[in-house]
Amino acid sequence: MTIWIFVLGAMMGSAANALIDRLPRGEKWGAGRSHCDKCGRKLEWYDLIPVVSWLALRGRCRYCHSPIPYRNLVVEVLMGVGFLLIFNQFSNFQIFQTLVLMGIFWVTTIIAVMDWETKLVSEAMVVVWGLLILIFNFQFSIFNQLLINNFQNNVLGLLTGLFLIGGLWAVSRGKAMGFGDVEIAAVAGWWLGWPAIGVAIWIAFVSGAAAGLVKIVLGKAKMKSEIPFGPFLVFGTWAAFFWGERLLKIFNF
Ligand SMILES: [Zn+2]
């Protein structure tokens, strides 16, 4: 069973890759078959098997041998692992809830990777995320467990994300944060509620700072060069969602 959950995730990762490529260019998703960016050759089904094709071709186009980005492989594997984590941790959920969670994982991965590559946050994807959360919370309120408690809690979380990240955005006049980060933090706060959103933002800052340091040490970035914050917010959100209660205990919030 688990292998098929991974395969489903990897296939969704493959679709996410197409969207990450096409959204910033304003191309329609699903318009036309997949083709190589360099030589334009239409790709056959056996060139498009998630994870397997990339590895079999050693990351190069079958026809013109130009490199296929590592990101394609990373997103496919990440999505497979994410789907597995969701499936294992929340197997007490109904199947529909689990699917909504997987949808949220899909959308947030697209937001994070696109922000990482282009420094643009897709507002369309943030809206889809918000809609999925509405569905998820509605179902969840029936079960009422884990971190997500009630409506007030969601509003409190939203306001926390909005004022913390929005405050930084306003004070720095958009230099420390982009407005897309404010949107992500608000939606994440709405989803996680208080205090989990505090954990998420804290993890985002720590992991973002760590990544910045690594980049500087490797000589790939100067002190002032920008690193998008969105991917770290998304990472913090999922870390808080999966392990929030344990983290809260460790840090005595
Ligand atoms: Zn090619």
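Cys36 and Cys61 are both buried. The two residues belong to a zinc site, where the protein donors are the SG atoms of Cys36, Cys39, Cys61 and Cys64. The model is predicted. Its protein chain has nine helices and zero strands.

**Zinc site**

- Each of the four donors, Cys36 (SG), Cys39 (SG), Cys61 (SG) and Cys64 (SG), lies 2.3 Å from the zinc ion.
- The angles between the four donor atoms run from 104 to 117°, so the arrangement is tetrahedral.
- For four tetrahedral donors, the ideal angle at a metal is 109.5 degrees.
- The donor residues follow the spacing C-x2-C-x21-C-x2-C in sequence.
- Cys36 and Cys61 link distant parts of the chain, being 25 residues apart. Cys36 sits in the loop between helix 1 (2–22) and helix 2 (52–56). Cys61 sits in the loop between helix 2 and helix 3 (70–89).

**Overall fold**

- Along the sequence, the pattern of the protein chain reads α-α-α-α-α-α-α-α-α.
- The protein chain has 253 residues, and 46% of them count as buried.
- Among contacts in the protein chain with a separation of 6 or more, 69% come from residues 24 or more positions apart.

**Annotated transmembrane regions**

- An unreviewed UniProt entry carries the annotation "transmembrane region" for residues 68–88, 95–114, 126–143, 155–172, 192–214 and 226–244.
- In the model, residues 68–88 are 90% helix and 0% strand. The end C-alpha atoms of this span are 31 Å apart.
- Residues 95–114 are 100% helix and 0% strand. Here the end C-alpha atoms lie 29 Å apart.

**Aromatic residues**

- The count of aromatic pairs comes to 15.
- Trp45 and Tyr46 form an edge-to-face pair, because their ring planes meet at 80°, with the centres 5.4 Å apart.
- Trp45 has 63% relative accessibility and therefore counts as exposed. Tyr46, at 35%, counts as partly exposed.
- Trp238 and Phe241 also form an edge-to-face pair, with 5.6 Å from centre to centre and 75° between the planes.
- Both Trp238 and Phe241 lie in helix 9 (residues 230–251). They are three residues apart, about one turn of the helix.
- Trp238 and Phe241 are both buried.
- One aromatic cluster is formed by Phe83, Phe105, Phe136, Trp191, Trp238, Phe241, Phe242 and Trp243.
- Arg41 places its charged end over the ring of Tyr63, 3.9 Å from the ring centre.

**Backbone geometry**

- Most peptide bonds are trans, and most residues other than glycine have a negative phi.
- The peptide bond between Trp194 and Pro195 is cis, with omega about 5°. Pro195 is in the loop between helix 7 (179–192) and helix 8 (196–217).
- Arg58 is not a glycine, yet its phi is positive, at about 50°. Arg58 lies in the loop between helix 2 and helix 3. With 70% relative accessibility, Arg58 counts as exposed.
- Arg173, a residue other than glycine, has a positive phi near 50°. The loop that holds Arg173 runs between helix 6 (151–171) and helix 7. Arg173 counts as exposed, at 77% relative accessibility.

Key: Residues numbered from 1 in each chain as written. Predicted model: local features only at pLDDT ≥ 70, side-chain atom pairs only at ≥ 80, totals over all residues. Heavy atoms only, no water. Donors = N, O, S within 2.8 Å, 3.2 Å for Na, K, Ca; no water. Tetrahedral: all angles 85-135°; square planar, octahedral: opposite > 155°, others 65-115°. Helix = DSSP H or I, 4+ residues; strand = E, 2+ residues; numbered from the N terminus. Buried < 20%, exposed > 50% of the residue type's maximum accessible area, 1.4 Å probe, protein only. UniProt positions renumbered as here; feature names shortened; annotations may be inferred. Phe/Tyr/Trp six-rings, centres within 6.5 Å; stacked < 30°, edge-to-face > 60°. Lys NZ or Arg CZ within 6 Å of the ring centre and 35° of its normal. Contact = heavy atoms within 4.5 Å.
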